[in-house]
Amino acid sequence: MSWYPVSLNLKGRNCLIVGGGKVAERKLKSLIKAEANVTLIAPKINAILQEMREAGAYHYLNSTYQANDVNGFFLVIAATDCSDTNSRVGADAESQAILFNSANSSEYSNFYPAAASQCGDIQLAVSSNGQNPYLAKKIRKYLDQKFDKSLQDEVLELGRLRNQMVKDTLGLGEKEKKAFMKDNLLEKVEALLDKIDKNTWEL
Ligand SMILES: C[C@@]1(CC(=O)O)c2cc3[nH]c(cc4nc(cc5[nH]c(cc(n2)[C@H]1CCC(=O)O)[C@@](C)(CC(=O)O)[C@@H]5CCC(=O)O)C(CC(=O)O)=C4CCC(=O)O)c(CCC(=O)O)c3CC(=O)O
Ligand SMILES: NC(=O)C1=CN([C@@H]2O[C@H](COP(=O)(O)OP(=O)(O)OC[C@H]3O[C@@H](n4cnc5c(N)ncnc54)[C@H](O)[C@@H]3O)[C@@H](O)[C@H]2O)C=CC1
């Protein structure tokens, strides 16, 4: 089986993290970057999570996980140091077809967060499907360092051009549309790819 790669829009979505240690903290930071609305349940949280709570970065429930605490959440992450708890959270999430990731077991996980970095609208994401997250992180860092952040403006410009062309070609037939795009846009994309090749890739 191959896993289905996807980019999720979590803006304003209710997401739950169970656990309050280092792993929960990393997961929380990436959900906050995605502007999710995060609730965290744990009887104890580390010092950084404490600071973030005081700053109002997420909602905190000072408790151990209770059955069906997952109710109503779009996405749930179990990051406790108790694999039984993580499995219970997973079983509850799975029974409601909620997106679920466990930090210590792939038993119920129906997604893995990729090792990812953002360069403007280009997202670099690497996954090892649970085989070796450390390797995924290393490959992500390698790509990140090779990718020139100055290309961000050019990618945005390509987006603007493309939107304009979609408007300009309204009413044209499929064939004419394709020809128009090829003449006006693909050349610019190729030029950008050449630039990436020459300036940033040393593969
Ligand atoms: C299955 C998965 C479930 C999940 O957590 O989603 C999982 C599981 C485990 N990770 C472990 C360890 C580490 N994980 C990292 C880092 C990351 N781990 C991430 C994802 C995933 N980790 C999922 C698979 C994704 C995939 O394969 O692609 C990343 C990509 C995304 C994220 O979590 O945000 C993020 C990199 C982000 C980035 O920087 O780009 C580091 C490195 C570090 O922290 O510096 C270490 C220490 C080094 C080491 O031990 O390898 C252990 C052993 C724990 C133990 O020893 O007990 C387990 C448990 C097990 O494998 O059973
Ligand atoms: N996916 C990953 O990248 C990694 C995963 N791990 C795994 O993740 C687990 C957690 O790692 P850390 O954050 O370092 O552990 P930690 O020990 O720092 O934190 C565990 C947290 O879980 C909470 N907790 C325990 N029982 C709970 C319950 N019933 N309900 C709610 N919260 C509960 C604790 O209060 C604590 O806040 C490890 O046991 C390990 O299996 C570890 C390192 C990396």
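1. Let me start with a cysteine: Cys15 is buried, with a relative accessibility of 0% (buried means under 20% relative accessible area, exposed over 50%, partly exposed in between, with a 1.4 Å probe and protein chains only). Cys82, at 32% relative accessible area, is partly exposed. The whole structure holds 0 disulfides (pairs of cysteine sulfur atoms within 2.5 Å).

2. A word on the basis: this is a predicted model, where local features need pLDDT of at least 70 and side-chain atom pairs count only at pLDDT 80 or more, while totals for chains, interfaces and linings use all residues. Residues are numbered from 1 along each chain as its sequence is written, chains are lettered from A and ligands numbered from 1 in the order in which they are written, and side-chain values use heavy atoms, without hydrogens and water.

3. The protein chain has 6 helices and 7 strands (DSSP runs numbered from the N terminus: H or I of at least four residues, E of at least two). Their order along the sequence is β-α-β-α-β-β-α-β-β-β-α-α-α.

4. Now the overall dimensions. The radius of gyration of the protein chain is 21 Å, whereas a compact globule of 203 residues would come near 17 Å (taken over C-alpha atoms; the rule is 2.2 Å times the number of residues to the power 0.38). The C-alpha trace spans about 60 × 40 × 40 Å along its principal axes.

5. Of the 203 residues in the protein chain, 31% are buried. Among contacts (heavy atoms within 4.5 Å) between residues at least 6 apart in sequence, 46% join residues at least 24 apart.
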